Amino acid sequence: MEFSEHIKTANVEDVVLQQPLHPPSKGTLCITSHHLLFSDREEDSGRQVLLLLRNIDAVEKSSVENLVNYFGLFPNAGRSDRATESSGTLVIKCKDLRVLQLEIPGMEQCLNIAQSIETLSCLACVAEMYPFFYRPSNASLRDQWGLSTPERHYTEMEALHERWRLSTVNQDYSVCPSYPPAVIVPKAIGDDALKMAAKFRQGGRFPVLCYYHRKNGMVILRSSQPLTGANRKRCIQDELLLQAAIEGSDKGYIIDTRSAQQAQQARMMGGGFESKSCYSSWKRLHRHMERGKTLQESLIKLVEACGDKSPNMDRWLSKLENSKWLSHVQTALSTAGLLAECVERDGRSVLVHGSEGTGSTLLISTLAQLIMDPSCRTLEGFLTLLEREFVQECPVFLLLLDCVWQLWYQFPLALGFSEALLLRLATEAYSSDYGTFLCNSDMERCALQVKGKTHCLFRVLLKPREREQYTNPLYEPNELAIWPSVHPQSLQLWRGFFLRWTQQTLHLELVQEDIRNMVIEWGKLALS
């Protein structure tokens with residue numbers, strides 16, 4: 001693709017920019033293959049706005065005819081003259097919730113800019129996105145990519161090795177396209193049996209280990225739904241796999257993120273659930289979690305509510321409640337709490353799945369590990385957990401970050417990272433210079449050579465300068481589990497993200513930064 005074909009007007013002078021938290025300014029607007037650049041022409045300002053086109057969610061166009069045309073002073077002006085005399089306004093709505101307004105002289109130039117933005121912000125080919133072109137001067141593509149691998153994860157858990165093994169049955173992605181090449185499975189189950197179990201699970205996502213609880217040896221497994229269908233088909237290899245996972249224990253739990261009714265309906269469509277007769281050692285628990293379109297619509301309503309400038313508080317609260325976003329937060333945290341309780345308090349291993357075993361499954365398995373495991377609560381541990389479990393598309397990832405923020409808010413000393421890290425991740429997930437959030441599986445990343453042609457965000461966040469910025473100065477390591485309250489009065493709107501472009505949030509951030517600096521200084525004095 002030639003990006004230049006989609007840029008009819010590369011730059012425009014005398015553009016007026018209006019953006020949150022800043023006064024209007026006039027300057028030069030430039031469009032490149034991946035960026036929108038605005039440069040303030042005021043000599044003392046030197047202010048620039050550099051926006052990744054990928055960050056743009058929607059563009060709204062409107063025109064304002066120059067008054068000379070309205071008053072008929074040039075009744076014989078041609079169409080091109082009228083386009084020159086008129087001006088256009090673009091309202092740019094960004095995925096990070098910013099809203100920018102550009103007043104562009106010349107309607108033709110305005111329409112050209114709008115068309116370029118609409119085309120270049122929606123590139124379908126991943127290899128044409130900016131991370132494949134980003135080349136910072138302080139990094140090399142030969143630098144190590146990522147924080148962990150399945151092999152390293154397995155090696156670090158020596159207690160696993162007696163009963164569990166690292167299988168490379170999926171080394172060419174033929175067994176399960178969405179799994180990595182190596183997975184952790186019971187040692188008693190061979191690769192041929194894994195292949196049969198994969199055929200019995202939607203998308204080939206057979207049960208694999210994602211977490212080992214060092215305190216009691218229990219594990220969390222995840223998978224997709226079994227394909228039992230209306231005829232109640234069974235797979236002996238799948239049954240033996242799950243039985244081997246709880247060897248030495250009399251019972252395990254299956255947390256299905258669908259309602260019992262949804263699971264029954266799925267069975268009539270070729271999917272299904274684990275029956276008591278075939279999986280007698282497993283107890284099934286249903287916890288309905290919304291996903292897909294419903295979650296997306298909820299997020300849209302929340303964004304609309306947060307953008308409502310009406311001074312009527314009752315109206316605003318009504319819109320917030322109707323979005324049901326905090327209900328999704330509550331459900332995610334309560335289901336993750338249930339999972340953690342089964343492992344930590346009941347001493348049982350748990351299999352988690354919904355239909356596909358991706359969005360909601362990964363959401364609650366990630367949160368449960370954060371609740372139980374103190375090693376996941378450090379800055380590096382949290383990023384490693386995300387890389388291993390949840391590098392996926394929004395809005396489920398945004399829901400995860402919101403849930404993590406609720407934990408951070410309720411337990412300000414228990415997490416080793418700051419809110420600033422969560423905000424950075426929320427922004428990077430939608431548009432980024434780095435390849436970390438590209439694609440939805442290891443197979444896709446491998447095919448596009450993401451790890452060889454882009455840079456890794458998580459590696460950058462752990463460099464000394466960034467690490468200092470994203471570390472929680474109040475952090476006190478805690479070996480105990482942290483149990484979140486999910487009562488409605490305990491859950492808060494994540495103002496730092498959803499209201500981040502308001503004056504009140506800016507003031508709050510400034511105060512928080514002052515407090516942070518004071519705590520750091522006190523810490524230095526205490527050590528001296």
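# Close-up views of a predicted model

**View 1. Serine 298 touches Ser323, Lys324, Trp325 and His328, when residues up to four places away in sequence are not counted (a contact means heavy atoms within 4.5 Å).** The structure is a predicted model, in which local features need pLDDT of at least 70 and side-chain atom pairs count only at pLDDT 80 or more, while totals for chains, interfaces and linings use all residues. Residues are numbered from 1 along each chain as its sequence is written, and side-chain values use heavy atoms, with hydrogens and water left out. Serine 298 belongs to helix H8, residues 292-306 (helices, H or I with at least four residues, and strands, E with at least two, are DSSP runs numbered from the N terminus). With a relative accessible area of 4%, serine 298 is buried (buried means under 20% relative accessible area, exposed over 50%, and partly exposed in between, for a 1.4 Å probe and protein chains only).

**View 2. Five strands make up an open sheet of mixed pairing, in the order E10-E11-E14-E12-E13.** Two strands count as paired if DSSP finds at least two bridges between them. Strand E10 (208-212) and strand E13 (282-286) stand at the edges with a single partner strand each, so one side of each has no neighbour in the sheet. From one strand to the next the twist averages 25°, where axes are lines fitted to C-alpha atoms, for helices over the stretch in contact, and angles run from 0 to 180 degrees between N-to-C directions. Within this sheet, strand E11 (residues 219-222) and strand E14 (residues 350-353) run parallel and are joined by three bridges. Which residue of E14 is the bridge partner of leucine 221? The partner is leucine 351.

**View 3. Strand E6 (residues 87-94) and strand E7 (residues 99-105) run antiparallel and are joined by seven bridges.** Of the eight residues of strand E6, six are buried, so this strand is largely enclosed by the rest of the structure. Serine 87 stands opposite proline 105 in E7. Four residues lie between the strands of this hairpin, where leucine 97 takes a positive phi near 80°. Most residues other than glycine have a negative phi.

**View 4. Tyrosine 134 and tyrosine 434 form an edge-to-face pair, with ring centres 5.5 Å apart and planes at 80°.** Twelve aromatic pairs are found in a search of the whole structure (rings of Phe, Tyr and Trp, the last by its six-membered ring, pair if their centres lie within 6.5 Å, and planes under 30 degrees apart count as stacked, over 60 as edge-to-face and the rest as tilted). Tyrosine 134 lies in the loop between helix H3 (107-120) and helix H4 (150-156), and tyrosine 434 in the loop between helix H14 (419-430) and helix H15 (442-447), so the pair ties together parts that are 300 residues apart in sequence.

**View 5. One aromatic cluster is formed by Trp325, Trp405, Tyr409, Trp494, Phe497 and Phe498.** Tyrosine 409, a member of this cluster, is 81 residues from serine 490 in sequence and 9.6 Å from serine 490 in space, C-alpha to C-alpha. Serine 490 lies in the loop between helix H18 (464-470) and helix H19 (495-498). Leaving aside residues up to four places away in sequence, serine 490 touches Gln406, Gln410 and Ser485.

**View 6. The charged end of arginine 345 sits over the ring of tryptophan 483, at 4.1 Å from the ring centre.** A charge sits over a ring if NZ of Lys or CZ of Arg is within 6 Å of the ring centre and within 35 degrees of the ring normal.

**View 7. Arginine 232, a residue other than glycine, has a positive phi near 55°.** Arginine 232 lies in the loop between E11 and helix H6 (236-245), and counts as exposed at 57% relative accessibility. Glutamine 449 has a positive phi near 55° and lies in the loop between H15 and helix H16 (450-453). With a relative accessible area of 46%, glutamine 449 is partly exposed.

**View 8. Over residues 65-84, pLDDT stays under 50.** The term pLDDT is the predictor's confidence in each residue, from 0 to 100. For residues 65-84 the model has 15 contacts beyond four places in sequence. Where pLDDT is low, the predicted coordinates should not be read in detail. The mean pLDDT of the protein is 89, and 90% of its residues reach 70 or more.
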